[in-house]
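Please read this report with the sequence and the structure side by side, and look up each residue as it is named.

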Amino acid sequence: MGDPIEPRELVYDTERSLIEQSRFHSPETPAPNGDGTGLGWYGRRDRPTLFRSAAPAWGDENLRELASEVSSGLFLAHVRAATGTPIQETNSHPFRYGNRLFVHNGFIRDFAVVRRQLLAAVRDDLFPCILGSTDSELMFHLALTFGLEEDPVGGLERMAGFVESVASAAGIEGALQMTIGLTDGETLTAVRYASSGTANSLFVSSDVGSVRQLYPEVERLAHMPENARVVVSEPLVALPGLWREVPAGTAVTIGTDSVEVPFRPVPPE
């Protein structure tokens, strides 16, 4: 987020772009993310625009064209590795409700076992908005049910606590693995959390102005706006000082100011 740029600059043009991350194996990505892709951005309309595809990101020419044509001050991009639900357009991220966009990296363990009970908890007016079959889209609508619009971090904490509670009752441990990106077009919220084990990685960029002073010779930073901030699952370029790893169990909100708070799931009463 920041002054408008073409999404191509981050999605395609960096050393470790999202497209490259979708294609190759690495310690952070043990399997390709080739089960769909999507881009959501804010522009002329009151609500964000979505492009979603079931095709692998590296071969989607429509994504390449859009990413080079659109200019936006806030966008979310995603590449998908399916965790048991079908490869189809409605299961590709981002997911949208009103002026909000949501992306998720991770899973609900044994989702098929708890899916019916989780679906039953979604607010009646939100239920018709669920178009796909992924755990990710359901997590978004549960968070909306639990107050995300008024309190983004609190809504996500209540969603996580509810999922863990339902899973625990079903004998499922380590229910959640998640990094989340959420925005309303004004602020960007990112969460890194896992019920057990190591949480998927999440990084936030340092202040661009200070990074330029550290690396004045790096041409790719020269045109980036002073107010640019980038949140990524993996660093896009290998520049020490540019990326700070978000600690596990943390929520970061970036807007006029940046706020970092512990992320603590709240079990239902």
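## A hairpin and its surroundings

β11 and β12 form a hairpin, with 3 residues between them. Strands here, like helices, are DSSP runs numbered from the N terminus, where a helix (H or I) has at least four residues and a strand (E) at least two. The model is predicted, and for that reason local features need pLDDT of at least 70 and side-chain atom pairs count only at pLDDT 80 or more, while totals for chains, interfaces and linings use all residues. Residues are numbered from 1 along each chain as its sequence is written, and side-chain values use heavy atoms, with hydrogens and water left out.

Buried means under 20% relative accessible area, exposed means over 50%, and partly exposed lies in between, with a 1.4 Å probe and protein chains only.

## The nonpolar cores

In soluble globular proteins, nonpolar side chains tend to be buried together. A nonpolar core is a set of buried Ala, Val, Leu, Ile, Met, Phe, Trp, Tyr and Cys residues joined through side-chain atoms within 4.5 Å. The largest such core in this model has 35 residues, and the members that touch the most others are L118, L156, M159, M178, I180 and F263. At least two residues of this core are supplied by each of β5 (100-108), α4 (111-120), α5 (135-145), α6 (152-169), β6 (176-183) and β7 (188-194). Which element gives the largest share of this core? That element is α6, from which 8 residues come.

Leaving aside neighbours within four places in sequence, I180 is in contact (heavy atoms within 4.5 Å) with F102, V103, H104, M139, L156, M159, T189, A190 and V191. There is also a second, separate core of 29 residues, which includes V11, L39, V230 and W243.

## Two helices that cross

Two packed helices are described by the angle between their axes and the distance between the axes. The axes of α5 and α6 come within 8 Å and cross at roughly 115°, where axes are lines fitted to C-alpha atoms, for helices over the stretch in contact, and angles run from 0 to 180 degrees between N-to-C directions. On the side of α5 the contact is made by M139, L142 and A143, and on the side of α6 by G155, L156, M159, F162 and V163.

## An open sheet

An open sheet of 3 strands has the order β2-β1-β3, with antiparallel pairing. Its edge strands, β2 (49-53) and β3 (75-79), each pair on one side only. Strand β1 (residues 37-41) pairs with β2 over 5 bridges, and in β2 the bridge partner of G40 is L50.

## Residues in loops

The loop between β2 and α3 (61-69) holds D60, which is buried, with a relative accessible area of 6%. Not counting residues up to four places away in sequence, D60 touches Y12, T37, F51, S53 and A55. D60 and T37 are 23 residues apart in sequence, and their C-alpha atoms are 8.5 Å apart in space.

A81 lies in the loop between β3 and β4 (95-97) and counts as partly exposed, because its relative accessibility is 34%. P94 is found in the loop between β3 and β4, and a cis peptide bond, with omega about 0°, joins H93 and P94. In the loop between β5 and α4 is D110, whose phi is near 50°, a positive value in a residue other than glycine. At 44% relative accessibility, D110 counts as partly exposed.

Definitions and conventions: Two strands pair if DSSP finds at least two bridges between them.
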